[in-house]
Every structure is written in C-alpha cells, then in structure tokens.
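Please read them with the structure open beside you.

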Amino acid sequence: MTDRYAVIGNPIAQSKSPLIHGMFAQATGQDIEYGKIEGPLGGFAAAVDAFRAAGGKGLNVTAPFKLDAFAYATERSERAQLAGAVNALKFEGDRVIAENFDGVGLTRDVVQNLGCPLAGRRVLMLGAGGATRGALLPFLEQQPELLVIANRTVEKAQALAGEMAGKGPIRGGGYADLAGQQFDVVFNATSASLRAELPPVPATVFAPGCLAYELAYGKGLTPFLRLAQNAGVQHLADGVGMLAEQAAEAFLWWRGVRPDTRAVIDKLTVPLV
Ligand code: ATR
C-alpha cells in the first residue's frame with residue numbers, strides 16, 4: 001500500500017517539499033505519496049488528526065506551525081527540544097514522534113556538500129530566532145573553536161548562548177561586539193533578507209577564505225551576500241542545500257533510505273546574482 005506523507009503550513013503553495021520528496025521517492029524506488037496541506041490558522045491539531053485518521057504516516061511542518069507541532073507531539077528528540085520547534089513528525093499508532101532536521105540539514109550542507117568543516121573554526125551566527133536555535137546543537141557537535149551569536153536584541157543572543165553553555169564554546173552578544181573580530185564561516189539566520197534588509201554586521205568579520213552562508217533560499221544575492229562579496233568573500237551560498245538536506249534527513253527517518261540530494265539541489269538552485 002502507498003504510504004502517505006505531506007507538508008503542512010499556511011500558506012503552503014510555495015512549498016518545494018512535494019517536489020523534493022517526489023524526486024527522492026523516484027530515485028530510491030520508495031512507494032510513497034507526498035501532498036500539501038494548508039492548515040487553518042488555529043486549526044493545526046484538527047488538521048493533523050484528520051491526516052492521521054486517513055492513514056498518514058508523517059508530516060513536514062513549516063511556518064507558522066513549528067510550535068504547534070512541538071505541542072502536539074508525544075515524544076521529542078533532544079534537538080527538537082533544544083530548538084523548541086519541530087519540522088518533522090512521524091506517526092506510529094498513538095505515538096507522535098517529533099524531530100527538527102533544520103540544523104542537521106544546514107550542518108550537512110556546509111560540511112559535506114560545500115566542503116567547509118566547522119571543526120576548529122570560528123563560526124558566527126547572525127540572528128537569535130528559531131533558525132539559529134535549531135542550528136546551535138548540530139554546530140557545537142562539530143566542535144568549532146568558537147561559536148558566536150550576534151543579534152539586534154542583545155539579550156536574546158545572550159540567553160541562547162547561556163542555554164547552550166554546557167554544550168561547547170559559545171558566546172552571545174550584539175553587532176557592536178563584532179568590531180575587530182574575524183570568522184571563518186558566517187551565517188545569516190536573521191529574517192532581514194526576506195525584506196531585502198541588511199543586519200548591521202561589520203564588513204570586517206569575514207576572515208580570508210571565509211564562507212558566507214545565507215539561510216534564506218532562492219533570493220539571489222541578498223544584501224548580506226552582497227556585503228560579503230564586496231568584502232572579498234569568494235565562497236557564497238544560500239539555503240538551497242539546507243532545504244534539500246533537511247528533507248533527506250526526514251526521508252531517511254521515515255523510510256530508512258538516505259536519498260542523494262545532488263539532483264534536487266541542481267534543480268532548485270537559483271543563481272546568486
Ligand atoms: P526565524 O524563525 O526565521 O529565525 P524569528 O524567530 O522571527 O525568525 O527571528 C528573526 C531574527 O531575525 C531575529 O533574530 C531578529 O532580531 P531581533 O531578535 O532583534 O528581532 C532578526 N532580524 C529581523 N530583521 C532584522 C534586521 N533588519 N536586522 C537585524 N536583525 C533582524
């Protein structure tokens with residue numbers, strides 16, 4: 001019997017997940033159907049109940065339901081707990097198992113696909129929202145020399161760093177604290193790029209040979225990537241690989257088979273111009 005999966009969000013028309021999982025299923029010979037659900041605002045639990053009642057086996061969860069999914073779950077992985085948000089669910093009878101693959105997907109993209117190790121490197125994360133929260137544990141597991149979170153609202157960065165302090169070398173602060181510091185990998189996890197805005201990061205943060213990574217996907221050369229380029233950074237990337245890798249992690253978790261992501265990344269890449 002064909003197993004059913006879907007992505008749930010609102011809005012949902014823009015989601016690439018059905019395309020990605022369709023390509024994975026075809027490449028791995030898995031017999032699945034993967035759809036889209038526009039969950040009504042305030043109606044997440046009822047929509048998921050209905051999907052499970054119809055035999056649904058798992059869901060990807062996107063905005064604005066990542067916290068609803070966290071609350072709906074009966075079991076949460078450590079990374080979902082530390083992220084405080086859930087982007088994938090698996091249903092097994094009465095059990096609702098929750099995961100968050102955004103951070104591992106990002107880490108895998110950087111380390112494996114882009115060939116940029118985080119181990120022993122100085123890493124800077126701009127922003128202290130949900131995207132940053134999900135990435136901190138997977139980053140620290142790579143054993144960087146230092147992980148710095150910089151945020152407009154300084155207290156949020158400090159609080160996040162405080163929460164993770166036992167897991168590795170992490171510091172939180174404001175953009176002004178970055179003066180005179182350089183990093184080997186700089187991530188923009190703020191939502192500024194969605195409005196074509198630039199976080200107030202000094203152009204001096206990029207160390208020679210640095211990778212500048214924009215977590216947003218498909219926005220071309222965002223103000224952050226342009227800043228990096230103008231500062232001489234040659235290695236620029238956006239979140240297309242993160243999108244593909246978090247999907248691959250979910251697919252592996254559901255189906256026991258890891259799909260190759262190259263074809264998906266090639267298909268979805270939007271040139272950085
Ligand atoms: P997400 O879940 O995508 O991480 P979020 O939780 O709403 O989104 O967090 C958005 C992040 O982008 C925050 O860190 C926010 O900074 P504040 O905590 O100070 O609000 C940051 N952000 C949004 N617009 C920004 C801008 N123009 N400049 C700098 N930071 C910005």
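1. A polar contact is here a pair of N or O atoms within 3.5 Å. With that cut-off in mind, and remembering that this is a predicted model, I would start at the ligand, where one of its oxygen atoms lies 3.0 Å from a polar backbone atom of Gly130. Taken alone, the ligand exposes 650 Å², and the protein buries 73% of that.

2. The ligand is surrounded by 17 residues, of which Ala128, Asn151, Thr153, Lys156 and Glu197 are the closest. Sorted by class, this shell holds six nonpolar, seven polar and four charged residues.

3. The domain assignment divides the chain into domain 1, made up of 3-100 + 241-268, and domain 2, which covers 103-238; their C-alpha centres are 26 Å apart. Across the boundary, 17 residues of domain 1 are in contact with 16 residues of domain 2, and the area buried between the two domains is about 1400 Å², with carbon and sulfur atoms giving 59% of it. On the domain 1 side, Leu82, Met242 and Glu245 supply 40% of the area buried against domain 2, more than any other three residues.

4. Gln30 sits in the loop between α1 (17-28) and β2 (32-38). Its side chain makes a polar contact with the side chain of Arg255, at 2.6 Å. Leaving aside residues up to four places away in sequence, Gln30 touches Ala25, Phe251, Arg255 and Val257.

Note on methods: Residues are numbered from 1 along each chain as its sequence is written. This is a predicted model: local features need pLDDT of at least 70, side-chain atom pairs count only at pLDDT 80 or more; totals for chains, interfaces and linings use all residues. Side-chain values use heavy atoms; hydrogens and water are left out. Helices (H or I, at least four residues) and strands (E, at least two) are DSSP runs, numbered from the N terminus. A polar contact is a pair of N or O atoms within 3.5 Å; within protein, one must be able to donate a hydrogen and the other to accept it, and residues adjacent in sequence count only if both atoms are side-chain atoms. Contact means heavy atoms within 4.5 Å. A residue is near a molecule or strand if one of its heavy atoms lies within 4 Å of it. Accessible areas come from the Shrake-Rupley method with a 1.4 Å probe; for residues, only the protein chains shown count as cover. Ala, Val, Leu, Ile, Met, Phe, Trp, Tyr, Cys and Pro count as nonpolar, Asp, Glu, Lys and Arg as charged, and the others, Gly among them, as polar. Domain bounds come from an automatic or database domain assignment. Buried area is the accessible area (1.4 Å probe) that two parts lose on being put together, summed over both.
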